[in-house]
Amino acid sequence: MMDVTYSQAIPGIFAEECIRRTDSSMSGYHFHNGLEFLFMLEGERYYFVNQSFFHLQKGMAILINTNQFHKASMIHGGSPGHRRFLLQLNTRILGNYFSFPDFPSVSEFGDRYCGTAKFSDEDWIHVLYLIDRLKKRIASADRGKQFSFIHDGDGIDCDICSSPQKQ
């Protein structure tokens, strides 16, 4: 059983938070035409990506690159429940937005950073803050507006802005 506590989409971006209370192992592999970020908020899961195996626990994330075959499985002998936040970025739609100097393209980003990350307690608090902020911005987006990325030299921020007017 899965309880979806958040699910929103805007062009190029899908975000979902859910709680699973029972075994939810995937029977087969699948892939996406974009980057998939998964943040383990509670519990733990196994992730199989191509020929690699990862044990994701609370305070960890995994980036699955475009077109990588993957599936998830419960931890055998452990609790089947978990809570996770999923962010999928469609590289075809968002590819042009990632064109900052000294910043990799979407495909380069996926190649460079795919795999897992374990966050310190301090960094995890910041990650949770950013997830909350992103959820609020996506949920408040009008369908006539687009997502924009702003690079200010210290990092990247995001905002929802009006679509360019056609002339």
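**Elements.** I counted the secondary structure and got 3 helices and 10 strands. The model is a predicted one. I then read the order from the N terminus: β-β-β-β-β-β-β-α-α-β-α-β-β.

**Whole-chain totals.** I checked burial across the protein. Of its 167 residues, 39% count as buried. I looked up the accessible surface, which comes to about 9700 Å². Carbon and sulfur atoms hold 51% of that surface. I also looked at contacts with a separation of 6 or more. Of these, 63% are between residues 24 or more positions apart.

**Aromatic pairs.** I searched the whole structure for aromatic pairs and found 7. One of them joins F39 and F85. I noted 6.3 Å centre to centre and 40° between the planes.

Which elements hold F39 and F85? I placed F39 in strand 3 and F85 in strand 7, residues 82–90. The two parts are 46 residues apart in sequence, so the pair ties them together.

I checked both residues for burial. F39 has a relative accessible area of 13%, so it is buried under the 20% cut-off. F85 is buried too, with a relative accessible area of 1%.

Next I took F119 and W124. Their ring centres lie 5.7 Å apart, with the planes at 35°, so this pair is also tilted. Are these two residues buried or partly exposed? F119 counts as partly exposed, at 25% relative accessibility. W124 is buried, at 9%.

I also noted a cluster. Ring pairs link F37, F109 and Y113.

**Lysine over a ring.** I looked at Y6 and found K135 over the face of its ring. The distance to the ring centre is 5.3 Å. I located K135 in helix 3, which covers residues 121–139.

K135 touches Y6, E17 and F85.

**Surface patch.** I looked for nonpolar side chains on the surface. Y29, F31 and F69 form a nonpolar patch there. Together they have about 320 Å² of accessible area.

I followed up F31. I found F31 in the loop between strand 2 (13–20) and strand 3 (34–49). Its relative accessibility is 46%, so F31 counts as partly exposed.

**Positive phi.** For N50, phi is near 50°. I placed N50 in the loop between strand 3 and strand 4 (52–57). N50 is partly exposed, with a relative accessible area of 34%.

The other entry is N67. Its phi is about 60°. Where does N67 lie? I found N67 in the loop between strand 5 (60–64) and strand 6 (70–73). At 44% relative accessible area, N67 is partly exposed.

Note on methods
Residues numbered from 1 in each chain as written. Predicted model: local features only at pLDDT ≥ 70, side-chain atom pairs only at ≥ 80, totals over all residues. Heavy atoms only, no water. Patch = residues over 30% accessible without salt bridge, like charges linked within 9 Å, V, L, I, M, F, W, Y side chains within 5 Å. Areas by Shrake-Rupley, 256 points an atom, 1.4 Å probe, with all protein chains shown as cover. Salt bridge = Lys/Arg side-chain N within 4 Å of Asp/Glu carboxyl O. Helix = DSSP H or I, 4+ residues; strand = E, 2+ residues; numbered from the N terminus. Buried < 20%, exposed > 50% of the residue type's maximum accessible area, 1.4 Å probe, protein only. Phe/Tyr/Trp six-rings, centres within 6.5 Å; stacked < 30°, edge-to-face > 60°. Lys NZ or Arg CZ within 6 Å of the ring centre and 35° of its normal. Contact = heavy atoms within 4.5 Å. Lists of a residue's contacts leave out its neighbours within four places in sequence.
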